Amino acid sequence: MDIGLIGLGKMGGNMRERMRRAGLTVVGFDRNPDVSDVDSLEALVEALPSPKVVWVMVPSGDPTRATVKELAGLLGEGDVVVDGGNSRWTDDIANAELLAEKGIGYVDCGVSGGVWGLENGYALMYGGDADDIAKVQEAFDALKPEGDFGSVHAGSVGAGHFSKMVHNGIEYAIMQAYAEGWELLDKADLTDNVTEVFRSWREGTVIRSWLLDLMVNALDEDPGLSKIAGYAADSGEGRWTVEAGIEHGVATPAITAALYARFVSQQDDSPTMKAVAAMRNQFGGHAVRSSAPKGGDAEGQAGAEQSETSKKAGAGDDAEPGES
């Protein structure tokens, strides 16, 4: 299979490598010429046989919308665009309608796996027409983890990103629970080694998980998390999950509380949020702060971790690496 990949940052670059290891021919474009295979979107499209499949991994919002709009003028009937960033599902509907005018298919794909995906594989949740999915299936098979799970056709256009949004909302709540538990153990002065308590939970307990493993990694590297400020950005996925809960009349108190805790952390240094920030850094390579910022962070992930240059389509760092 031949596929074009736009955006070769922390996640996109690793995805290109994993697909190549599986035998796919990947043509990558990035505004950073040091990592790009071609020097323009036009050259990327020209290098692909028909039907052409182009996977977009750039920051959500305007950069993704602009990239899809440009591809609408370059691709033709029967081609497919995949948005693998963290776009809001409502953007997927608009993007699909724009491309449909040219007979171009559209697939939205929520991607989880962060900086570990190259070796472990990426969990994929995708939405779109079955015929369009079929044209991308070899790429999905190459990217997914080994085994029977980790990849799902979630439904029609928008279902992939909606599913990933809920996934990230759940992730907010789980990280918050681990982080609050760590602070309580650390502050109570009854436990001799908090890190070893967390490590013991990795086997046999009902709360064992990969996030727990990553929390232990962070504590091994910095036992008191003294090198990390108690600040955690919000990427937008948590907000969207809470908004969707309101829209559908579904109560999401744990996810909402975790989101609000991040808002508080953006104003006051918090030991609990040191732990959340540490876990985010472990699984996604998200930037951590060495000192607390002044005031809040309305732009969340984009404001805290992306330069203005990287927000542009195809810039050197792709969309947030799949997690919250």
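Mentor: Start with Trp 55. This is a predicted model. The relative accessibility of Trp 55 is 0%.

Trainee: Why does Trp 55 count as buried?

Mentor: Buried means under 20%. Trp 55 has 0%, so it is buried. Phe 140 also has a relative accessible area of 0%, so Phe 140 is buried.

Trainee: How many aromatic pairs does the structure hold?

Mentor: Six. Among them is Trp 55 with Phe 140.

Trainee: What makes the pair of Trp 55 and Phe 140 edge-to-face?

Mentor: Two values. The ring centres are 5.8 Å apart, and a pair needs them within 6.5 Å. The planes stand at 75 degrees, and over 60 counts as edge-to-face. So the label is edge-to-face.

Trainee: Why does this pair tie together separate parts?

Mentor: Trp 55 lies in strand S3 and Phe 140 in helix H6. These parts are 85 residues apart in sequence, so the pair ties them together. Trp 55 and Phe 140 also form one aromatic cluster with Tyr 126.

Trainee: Why is the pair of Trp 116 and Trp 210 called edge-to-face?

Mentor: Their centres are 6.0 Å apart, and their planes are at 85 degrees, so the pair is edge-to-face. Trp 116 sits in the loop between strand S5 and helix H5, and Trp 210 in helix H9, 94 residues apart.

Note on methods: Residues numbered from 1 in each chain as written. Predicted model: local features only at pLDDT ≥ 70, side-chain atom pairs only at ≥ 80, totals over all residues. Heavy atoms only, no water. Phe/Tyr/Trp six-rings, centres within 6.5 Å; stacked < 30°, edge-to-face > 60°. Helix = DSSP H or I, 4+ residues; strand = E, 2+ residues; numbered from the N terminus. Buried < 20%, exposed > 50% of the residue type's maximum accessible area, 1.4 Å probe, protein only.
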